[in-house]
Amino acid sequence: MNSVSATANSTGIATSTLPNFLTNRNFAINMFLFGAWFLSIPFVVHSTVAGADFIADGQASHPVFGQEGNLTAFYLMAWHMVFGAMMNFIAPYQVYLGLTHKKKTWHKYIGMSTIAIAFFGAMVGSLYFSLYYDINIQNASVAPYRGIPPFVFQPGTIYGVVMFYVIYKVVQSLVLRDFKTHKEWAIRLFILAIGSWLNRVEVGLWATAGLAIGSDALPEPIVMRTINGWGFYIIPMVIYEVYLRLGRRGAFKKLPAYAPFVASVTGLSILAVGSVVFVAMSYMR
C-alpha cells in the first residue's frame, strides 16, 4: 500500500498528500476504540476486584462498603461493579466487530452477552439506589460520601432506566433487521457501557482544571458532583446525537480527510488526561 494518500479537486490535481493512516476513517475509529479500552483497564480491574471481594465474603476495602446500611443494597452494588466492569471490557471490541463486519459469529454471541450483562448490571444498579439509605449519604463517616445530598445519587437510577430503553431499541432494531438504526443504538449502548469509567474520567478532568486554574476558582464540590452525576452519560449521549444530526444534514462533507483522525486524537487526549489523573488521585488517597 502506498504510504501517502492524496486528495484531488474537480480537475484531478492533487491538493494534499498525507500518510494513509491520517486520512483513513476506519483507522481513526479503531484507534479510539482501542484507546478507550486500554485507558479503562485500571477501572475494570479495580471494579472487578472490589465487587468480587465483597460478593465473596461481605467485606471490601472500597469506601462504599464501609458504611452502615442495607446489606442487600451493598451486594447489589458489588454485582453492579462486576457487571459494569465486564460490560466496559467487552463493549469496545463488540463495536469494533460490528463496524468492521469481522467475525460475525463472535459479534453475534458477544452482542448477546453484552445485552445480558448490560440488563443485569442496570437492574442491580437501579435496585441499589432504590434501597440505599439517604441517611447514609447525609451522615456518612467515610469521607468521599460525607454530607452528600441524596439527589446527587438519583442520576444513577435514571442511568439504569436509560440503559433499559437503549437495550430495548438495540434488540428491536435487530429484530426488524434495520441495521443502520441498530448501529446507532449499539453505539449508544457502548457509551452507556463505559459510563461508569467516564464518571471517573470526569472527576479526573475536574481535578485537572483545579490544578490548572486553582481549585478556589471552581464551583463548590456539590456542583461538581451534581454535574458529574448526570453528565457522565448525558454529555456523551448528547455529543453523539449532535454528531448524528449534523451528519444527516451533510455538515461533515467538506471537512478535510484527516478530520476523523484529529477528532480521535482529541477525544483520546481528553480521556487520557481524566483517566490518568483519576488513577493518580486514587493512589494518593
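**Reading the helix packing of a predicted model**

Guide: Let's begin with a pair of helices: H4 and H8 make a left-handed crossing. Left-handed means that the near helix is turned anticlockwise from the far one by less than a right angle, and clockwise would be right-handed. This is a predicted model, where local features need pLDDT of at least 70, side-chain atom pairs count only at pLDDT 80 or more, and totals for chains, interfaces and linings use all residues. Residues are numbered from 1 along each chain as its sequence is written, and side-chain values use heavy atoms, with hydrogens and water left out.

Visitor: How many helices and strands does the protein chain have?

Guide: Helices (H or I, at least four residues) and strands (E, at least two) are DSSP runs numbered from the N terminus. The protein chain has 11 helices and two strands. Buried residues (under 20% relative accessible area; exposed is over 50% and partly exposed in between, with a 1.4 Å probe and protein chains only) make up 39% of the 285 residues. Of the contacts (heavy atoms within 4.5 Å) between residues at least 6 apart in sequence, 67% join residues at least 24 apart.

Visitor: Back to the opening pair. At what angle do the axes of H4 and H8 cross?

Guide: Two packed helices are described by the angle between their axes and the distance between the axes. Axes are lines fitted to C-alpha atoms, for helices over the stretch in contact, and angles run from 0 to 180 degrees between N-to-C directions. Here the axes of H4 and H8 come within 9 Å and cross at roughly 150 degrees. H4 and H8 are therefore roughly antiparallel; the cut-offs are under 35 degrees for roughly parallel, over 145 for roughly antiparallel, 65 to 115 for roughly perpendicular, and oblique for the rest.

Visitor: Which residues in H4 meet H8?

Guide: From H4 come Gly84, Met87, Asn88, Ala91, Pro92, Val95 and Leu99, and they meet Lys183, Phe190 and Ala193 in H8. By class, this contact has seven nonpolar, two polar and one charged residues. Ala, Val, Leu, Ile, Met, Phe, Trp, Tyr, Cys and Pro count as nonpolar, Asp, Glu, Lys and Arg as charged, and the others, Gly among them, as polar.

Visitor: And how do H2 and H4 cross, left-handed or right-handed?

Guide: Their crossing is left-handed. The axes of H2 (residues 25-39) and H4 come within 9 Å, at roughly 165 degrees, and H2 and H4 are therefore roughly antiparallel to each other. In H2, Ile29, Asn30, Leu33 and Trp37 meet Phe89, Pro92, Val95, Tyr96, Leu99 and Thr100 in H4. Eight of the residues in this contact are nonpolar, two are polar and none is charged.

Visitor: Now H7. Which residues of H7 are buried?

Guide: An α-helix has 3.6 residues a turn, so residues three or four places apart point the same way. In H7, the buried residues are Pro155, Gly156, Tyr159, Gly160, Met163, Val166, Ile167, Lys169, Val170 and Ser173. What covers them includes H4 (71-100), H5 (104-131), H8 (179-193), H9 (195-213) and H10 (221-248). H7 itself (residues 154-175) has 22 residues and reaches 33 Å from first C-alpha to last, close to the expected 32 Å; the expected span is 1.5 Å times one less than the number of residues.

Visitor: At what angle do H7 and H10 pack?

Guide: The angle is about 30 degrees, with the axes 8 Å apart, and H7 and H10 are therefore roughly parallel. H7 passes H10 in a left-handed crossing. Pro155, Ile158, Tyr159, Val162 and Val166 in H7 meet Gly229, Trp230, Phe232, Tyr233 and Met237 in H10. That contact holds nine nonpolar residues, one polar and no charged.

Visitor: What do the buried residues of H11 pack against?

Guide: They pack against H1 (20-23), H2 and H9. The buried residues of H11 are Ala259, Phe261, Ser264, Gly267, Leu268, Leu271, Gly274, Ser275 and Phe278.
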